[in-house]
Amino acid sequence: MPKEKKAPRKPIGASPGTVAYVGRERSESVTISRMRYNPNGFEDLQVLKPAECLPEANPQGVTWYTVDGVHDVEVLRILGENFKLHPLVVEDIANTSQRPKLEQFDDYIFIALKMITYNSAHKGVDAEHSSIILGNGWVLSFLEDAGDVFEPVRARIRSGKGRIRKLGPDYLAYALVDAVVDGYFQVLEQVGEDVERVEEEVVSDAKPSTLRAVHHLKRELIFLRRSVWPMREIANSLIRDESPLVSHETRVFLRDLYDHTIHTIDTIETQRDIVSGMLDVYLSSVSNKMNQVMKLLTVMSSIFIPLTFVAGIYGMNFEYMPELHWVWGYPVVLAAMLTLAVSLTIFFRRKHWI
Amino acid sequence: MPKEKKAPRKPIGASPGTVAYVGRERSESVTISRMRYNPNGFEDLQVLKPAECLPEANPQGVTWYTVDGVHDVEVLRILGENFKLHPLVVEDIANTSQRPKLEQFDDYIFIALKMITYNSAHKGVDAEHSSIILGNGWVLSFLEDAGDVFEPVRARIRSGKGRIRKLGPDYLAYALVDAVVDGYFQVLEQVGEDVERVEEEVVSDAKPSTLRAVHHLKRELIFLRRSVWPMREIANSLIRDESPLVSHETRVFLRDLYDHTIHTIDTIETQRDIVSGMLDVYLSSVSNKMNQVMKLLTVMSSIFIPLTFVAGIYGMNFEYMPELHWVWGYPVVLAAMLTLAVSLTIFFRRKHWI
Amino acid sequence: MPKEKKAPRKPIGASPGTVAYVGRERSESVTISRMRYNPNGFEDLQVLKPAECLPEANPQGVTWYTVDGVHDVEVLRILGENFKLHPLVVEDIANTSQRPKLEQFDDYIFIALKMITYNSAHKGVDAEHSSIILGNGWVLSFLEDAGDVFEPVRARIRSGKGRIRKLGPDYLAYALVDAVVDGYFQVLEQVGEDVERVEEEVVSDAKPSTLRAVHHLKRELIFLRRSVWPMREIANSLIRDESPLVSHETRVFLRDLYDHTIHTIDTIETQRDIVSGMLDVYLSSVSNKMNQVMKLLTVMSSIFIPLTFVAGIYGMNFEYMPELHWVWGYPVVLAAMLTLAVSLTIFFRRKHWI
Amino acid sequence: MPKEKKAPRKPIGASPGTVAYVGRERSESVTISRMRYNPNGFEDLQVLKPAECLPEANPQGVTWYTVDGVHDVEVLRILGENFKLHPLVVEDIANTSQRPKLEQFDDYIFIALKMITYNSAHKGVDAEHSSIILGNGWVLSFLEDAGDVFEPVRARIRSGKGRIRKLGPDYLAYALVDAVVDGYFQVLEQVGEDVERVEEEVVSDAKPSTLRAVHHLKRELIFLRRSVWPMREIANSLIRDESPLVSHETRVFLRDLYDHTIHTIDTIETQRDIVSGMLDVYLSSVSNKMNQVMKLLTVMSSIFIPLTFVAGIYGMNFEYMPELHWVWGYPVVLAAMLTLAVSLTIFFRRKHWI
Amino acid sequence: MPKEKKAPRKPIGASPGTVAYVGRERSESVTISRMRYNPNGFEDLQVLKPAECLPEANPQGVTWYTVDGVHDVEVLRILGENFKLHPLVVEDIANTSQRPKLEQFDDYIFIALKMITYNSAHKGVDAEHSSIILGNGWVLSFLEDAGDVFEPVRARIRSGKGRIRKLGPDYLAYALVDAVVDGYFQVLEQVGEDVERVEEEVVSDAKPSTLRAVHHLKRELIFLRRSVWPMREIANSLIRDESPLVSHETRVFLRDLYDHTIHTIDTIETQRDIVSGMLDVYLSSVSNKMNQVMKLLTVMSSIFIPLTFVAGIYGMNFEYMPELHWVWGYPVVLAAMLTLAVSLTIFFRRKHWI
């Protein structure tokens with residue numbers, strides 16, 4: 001898990017709606033690109049200045065603005081003004097620790113999401129804050145980084161196949177959220193492999209490092225759960241709320257989205273169940289090992305301690321110890337010792353200790 | 001538990017509704033067979049080509065199409081077109097990792113299920129994806145494999161006994177779902193036997209392999225739960241939703257189906273409770289065993305260590321040790337040692353350690 | 001806990017509503033007896049043939065049929081036909097693994113229950129499947145065995161005291177369910193005594209057999225919970241549903257029934273809480289004991305190992321060991337050993353180890 | 001915790017509504033006293049016979065009957081008749097194991113409560129069954145014992161300060177319930193002190209008796225929870241239900257009562273959380289201690305066992321052991337032993353074992 | 001966690017609505033200051049006497065009274081009278097152990113809150129009781145201490161920037177609650193750092209003091225949760241309830257407040273999940289350590305005990321022991337011992353014990 005980002009915090013005492021970037025420092029400049037399409041054709045990506053982005057009065061088709069980077073407060077401010085976004089929405093776009101949510105306004109719907117990727121370097125998941133705003137004829141999408149998660153959607157628009165060009169901005173917004181949820185499946189697949197690998201280790205060869213791995217998995221899953229869980233409510237309120245921005249035709253797809261979200265949450269919960277069971281197994285197998293160590297110690301001690309005692313007896317220096325002067329004394333004692341050792345060995349074997 | 005199937009995933013970026021088979025590779029060809037019946041008679045199984053399957057305009061009686069295999073995307077596409085299924089439905093049919101669900105459309109009801117069987121080879125459960133679509137006068141059923149789970153239903157149709165021939169396609173759809181749920185009881189019976197066997201082992205003779213068995217059971221039950229739990233909602237929405245496709249007469253049977261589902265879930269939860277208790281018992285009994293080992297070690301050491309010490313004393317080579325020259329020295333020391341050993345033994349027996 | 005009965009299962013593929021006895025084999029014959037009463041008088045028990053049992057057209061007073069044994073499918077079939085019961089209801093009567101439930105039909109209410117008794121032989125609970133059907137002017141009650149649980153109700157009818165003769169069949173049905181729930185209290189009292197006894201043992205003298213007892217109690221409580229929990233819903237829907245078969249006057253008593261059910265569930269949950277806490281205490285007290293054993297071992301070893309070493313030193317055979325030839329050598333070494341032993345003893349006593 | 005009282009049980013088979021005292025045996029006689037007041041004045045306590053207690057036709061002001069003792073069934077029967085109470089209510093008053101509940105009847109509201117006191121003798125809580133019935137112009141209150149929990153309410157009536165004299169019987173009933181809930185806070189305070197004391201012990205000095213104390217606290221809290229939890233529903237239904245017996249003015253106070261109940265439940269849950277965490281800490285600290293014991297044992301053994309072995313070597317009686325005849329043999333061996341001992345000590349200190 | 005404050009308790013038997021300060025003793029005097037503003041200007045802080053605080057008949061703009069200190073009952077009484085507050089509200093203001101809640105009255109809304117600060121001295125959180133009352137044209141805020149948590153709000157009023165001057169008292173009340181919730185984020189950040197630090201310790205270097213730290217964190221989080229959880233309901237009822245005191249424009253901000261509250265609760269739950277997992281890891285790592293200690297002991301004992309035994313054999317004083325007189329006896333025995341030691345070492349290394 002990445003170090004938990006700082007909690008969302010405008011400067012203490014700042015007015016609510018004060019836009020402030022919350023997240024790790026970045027130096028790249030923010031780029032805005034626009035794509036336009038309707039059933040008949042499309043206009044490909046164009047890089048624009050913030051001030052050039054304006055909703056059209058009578059939109060013909062769909063206009064999609066992609067903003068890569070949310071760390072330039074000024075850009076967000078201009079966009080906020082042009083599209084008449086509520087200051088709190090702009091604040092939430094800039095706050096990378098904002099939890100996923102959906103807020104319905106009169107003229108637009110605001111969706112905050114976590115885009116999740118698997119980082120194979122530290123075998124953990126990374127989350128990126130992402131926002132999607134659906135308006136009348138336009139969609140705004142924001143990413144922390146310039147990323148290519150939405151590229152396949154653009155490809156579908158360019159190809160003109162499927163129904164994306166035929167449907168409105170609500171379908172585009174759906175397609176973007178769906179692309180993010182699709183990413184969850186990929187991440188879960190890889191986390192699932194990690195879980196299986198660690199599980200294998202726990203059952204067959206529990207080491208202290210396994211414990212750390214289990215703990216790490218547990219944290220990753222807590223983190224994942226926290227990012228994905230609110231998606232359920234988002235999908236649900238998209239279906240349920242009777243917003244005029246969402247057409248009847250898109251609603252069927254939203255049910256599919258909801259279904260995928262449930263599937264994701266389900267998988268996370270299952271993994272959590274499995275991982276939390278692993279700790280018990282780990283503890284049990286550590287106990288088992290200690291048990292084995294103890295048994296060896298006990299067997300060794302129990303066999304040799306009496307023998308050593310016998311040897312000690314005949315190492316005493318009493319003047320009058322008749323056995324010592326007996327010719328057969330030594331062989332008889334050796335034989336007795338052997339008998340004792342063998343009996344104890346048999347006894348322990350019967351108890352399945354060795 | 002079978003290795004978790006890959007998470008449902010259309011190729012990244014593919015348009016929603018893109019039909020793609022998700023599941024293990026298969027080479028068998030897909031077969032479609034049709035059965036028709038009405039209260040007066042029936043037409044037995046006929047193998048058809050996909051294009052020959054079409055809903056009738058004015059259905060007289062019930063037509064049931066069985067599709068064995070969902071890995072031929074082309075077949076599914078043709079059926080989808082003929083029966084006017086939504087592309088997302090066709091996608092879900094082909095996706096063997098789809099979770100169970102029910103979706104109501106204007107002209108048909110789509111039900112996705114998991115058919116579960118017990119695999120005695122690896123003492124685990126296998127799940128097969130299965131779909132049932134109920135339309136006006138027709139039912140479509142899909143299985144991953146050519147299987148005989150629906151054979152008894154066909155037998156009932158052929159015999160003409162019972163009410164199946166007298167009632168409509170809604171009763172047929174119910175009968176198919178019921179056949180699947182019936183399978184759960186069989187699986188649970190066998191899992192129940194596994195649980196009892198392992199429980200016996202945990203209580204009477206806990207070995208490291210027992211731990212693995214407990215863990216295995218736990219996973220199987222997590223898997224079962226995940227497959228069966230959504231059935232509750234499916235049965236419930238069949239009863240509650242006022243679809244014109246479901247007659248009043250069939251609703252009584254759906255309540256029975258609901259009841260069976262609850263029974264199944266109940267049993268799974270009970271088993272989970274029992275299995276999760278077993279780990280505690282296992283841990284306790286490992287602790288108990290270690291305790292016994294420790295006691296033996298302690299008893300042996302505590303008796304012989306002082307004795308050996310005494311022997312050591314008289315093994316010292318001091319010139320002036322009067323006891324050594326005393327005629328009764330040796331017997332007296334032996335007797336003292338014996339007394340000490342006996343006292344300690346009595347002491348430990350009093351403490352119930354031996 | 002009795003071996004879990006086979007899961008409810010009509011022969012695989014059998015038509016729903018196929019009546020089949022599910023339960024342990026029985027050879028006794030099934031008897032049906034009838035009792036009739038109204039505010040003015042009563043007709044005592046009469047043994048009847050199944051075909052003689054018929055609902056009256058214009059019932060004057062209440063007719064109560066008791067069926068002892070549900071393993072004769074033919075008897076159930078005849079009764080089902082005479083009283084116009086839905087085939088699924090008859091199936092549920094014969095299925096002794098049916099979970100408790102209430103189903104409302106147009107002309108009657110069907111209630112399935114578990115009658116629970118405490119079996120002091122194996123210190124566990126036994127459950128018997130029981131069904132009660134409330135119709136217009138009649139009540140049917142079914143028990144697996146000829147039992148006397150309903151005898152006190154008959155006594156009240158005969159005596160004519162109380163309000164049972166004055167009220168209708170709904171009150172009779174209530175009285176029967178109430179008799180069953182009354183039985184729960186008795187069972188819980190005895191289970192409660194078991195819990196207290198085992199608790200005493202866990203806290204004061206934990207043995208391996210205690211562990212088994214705790215595990216046994218846990219299972220009994222899981223079993224009890226599963227049998228009693230659905231009663232809550234049954235009582236609740238009797239109160240809530242506006243069936244014309246249940247009079248306003250009886251509803252007050254149903255609230256009392258509901259209250260008793262809640263009390264029962266409450267007690268079970270409390271017992272479960274206590275029992276699940278016991279395992280922790282057991283583990284802790286096993287750990288405590290092991291700790292004591294370890295301390296003794298450590299004390300013995302730590303005192304005698306150094307002493308033995310000293311003795312070993314002076315048992316060496318070097319030619320030039322001046323101490324050996326010193327007259328005071330032996331006493332001085334003995335004194336040194338004593339000092340060492342005493343110091344260590346004091347040290348351990350300070351640490352509260354002995 | 002007091003021994004769980006016998007489960008509520010009328011004699012098996014007795015008619016519902018049969019009044020029978022359930023509780024520990026008592027020989028004191030039951031006393032009934034009456035107090036009357038209105039805004040202008042009051043009539044102080046008067047001891048009455050049961051038959052003298054009757055609701056007035058046109059009540060002027062409030063009449064409050066206090067009944068001390070519920071073990072005289074005859075008294076309850078007479079009161080029940082005079083105030084037209086439902087037989088089930090009278091049964092509940094006499095049943096000291098009745099769980100807290102509220103039942104609304106046409107002419108009165110019945111409230112069953114647990115009055116809880118802290119028993120410092122066995123550091124546990126005791127519960128006393130108490131009932132309050134609110135009618136039109138009158139309030140009946142029942143206690144198991146003659147107690148003084150309602151004395152402050154009487155004092156307020158006598159003093160005429162506050163609003164109690166100005167408001168109706170609903171406010172009096174509220175004041176009585178509030179007095180009972182007030183008692184919970186006192187008990188929780190003392191239990192809280194116990195929790196803190198035991199927690200201190202667990203963290204700093206865990207002994208076997210601590211385990212027993214933790215277990216005892218756990219049971220007390222389970223018991224408390226069970227007594228207090230239903231209060232929430234009682235307070236809630238007093239606020240929500242639109243009974244004509246409860247005036248608008250009193251409702252504000254009921255919200256306060258609800259708030260206090262939530263506070264109490266909250267505190268209990270918090271204590272339970274803390275106590276259940278203590279067991280883990282206890283186990284961990286027992287493990288820690290065992291670890292320390294093990295370390296000492298290991299250190300002692302690991303240092304002296306090799307030394308003893310060396311001494312053993314030179315205690316052998318071989319004829320040809322050149323070291324034995326070397327003048328420096330003894331000092332060199334001693335020095336070697338010392339070196340070995342010191343090295344091992346340093347090694348263990350590095351590992352932080354000593 | 002600070003010692004739990006005494007449970008809220010008016011003197012036993014006191015009339016509800018009796019105002020009594022519950023909290024730690026304080027000697028500072030209580031100060032009341034007033035600030036007034038409207039869109040055009042503002043009047044800065046003025047210290048007033050209680051009697052001077054009165055709601056205006058026709059409020060022009062907003063009047064905000066800040067009361068620092070709730071331990072002077074007389075002051076509260078006067079304010080309560082002037083602003084026509086219900087006695088129970090005044091009681092709740094003075095009761096510092098009051099749990100957070102919102103109560104709607106006809107003319108005002110009462111909000112009780114916990115202001116939380118991180119105390120770096122004992123690495124724990126402190127809570128301060130705080131109340132906010134929103135009336136028609138006025139806001140009353142109460143703090144236990146003179147604090148500066150509301151200073152930034154005053155700064156915003158003075159600067160005239162943002163929307164605070166333009167909106168009514170409802171926005172001011174929101175701004176105050178928001179300032180308190182903002183404080184939670186700061187506290188959680190610091191607790192989050194503590195969690196990470198302790199987690200690090202648990203995984204890499206578990207000591208007994210770590211256990212205490214984990215337990216301390218657990219308690220802090222229980223305490224935090226209890227203080228923050230009710231905020232959810234408060235924010236929710238502010239949004240949902242249709243009070244005329246809250247304008248439509250402010251509602252958007254309340255949704256933001258709700259969102260922040262959820263975020264806070266979410267973070268606390270996540271931390272609790274992590275901390276509760278730590279105890280398991282701690283236990284496992286203590287077990288691991290003990291395992292290592294055991295292994296060393298076993299290895300040392302298992303190697304040296306047999307060797308010592310061999311030495312013991314040749315330390316026996318039998319007259320007829322041929323090996324003793326053999327010239328090569330000593331070297332051969334030494335070599336044998338070495339071989340044995342090496343073999344055992346290899347054996348243990350193979351088992352990965354050393």
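In chain A, the C-alpha centres of domain 1 and domain 2 sit 76 Å apart. Keep in mind that this is a predicted model. Domain 1 of chain A is made of two stretches, 31-198 and 218-272, while domain 2 of chain A covers 285-350.

## A sheet in chain C

Let's look at chain C next. Here 7 strands line up as an open sheet, in the order β2-β1-β3-β7-β6-β5-β4, and their pairing is mixed. At the edges are β2 (41-48) and β4 (101-104) of chain C, each with a pairing on one side only. From one strand to the next, the twist averages 20 degrees.

Inside that order, β1 (residues 31-38) and β3 (residues 62-68) of chain C run antiparallel and are joined by 7 bridges. To pick out one pairing, I32(C) has V67(C) as its bridge partner in β3(C).

## Where A meets B

Now for the contacts between chains. On one side there are 54 residues of chain A, and they touch 48 residues of chain B. Which elements of chain A give two or more residues to the side that touches chain B? They are α3 (151-159), α4 (169-204) and α6 (248-313) of chain A. The largest share comes from α6(A), with 34 residues.

As for the kinds of residue, the side of chain A that touches chain B holds 24 nonpolar, 18 polar and 12 charged residues.

## Where D meets E

Chains D and E have their own interface: 52 residues of chain D are in contact with 48 residues of chain E. On the chain D side, α3 (151-159), α4 (169-204) and α6 (248-313) each supply at least two residues. Again one helix stands out, as α6(D) gives the most, with 33 residues. Sorted by class, the side of chain D that touches chain E has 22 nonpolar, 18 polar and 12 charged residues.

## How D and E are related

Definitions and conventions. Residues are numbered from 1 along each chain as its sequence is written. Chains are lettered from A and ligands numbered from 1 in the order in which they are written. This is a predicted model: local features need pLDDT of at least 70, side-chain atom pairs count only at pLDDT 80 or more; totals for chains, interfaces and linings use all residues. Two residues are in contact if their C-beta atoms, placed from the backbone, lie within 7 Å. Helices (H or I, at least four residues) and strands (E, at least two) are DSSP runs, numbered from the N terminus. Ala, Val, Leu, Ile, Met, Phe, Trp, Tyr, Cys and Pro count as nonpolar, Asp, Glu, Lys and Arg as charged, and the others, Gly among them, as polar. Domain bounds come from an automatic or database domain assignment. Two strands pair if DSSP finds at least two bridges between them. Axes are lines fitted to C-alpha atoms, for helices over the stretch in contact, and angles run from 0 to 180 degrees between N-to-C directions.
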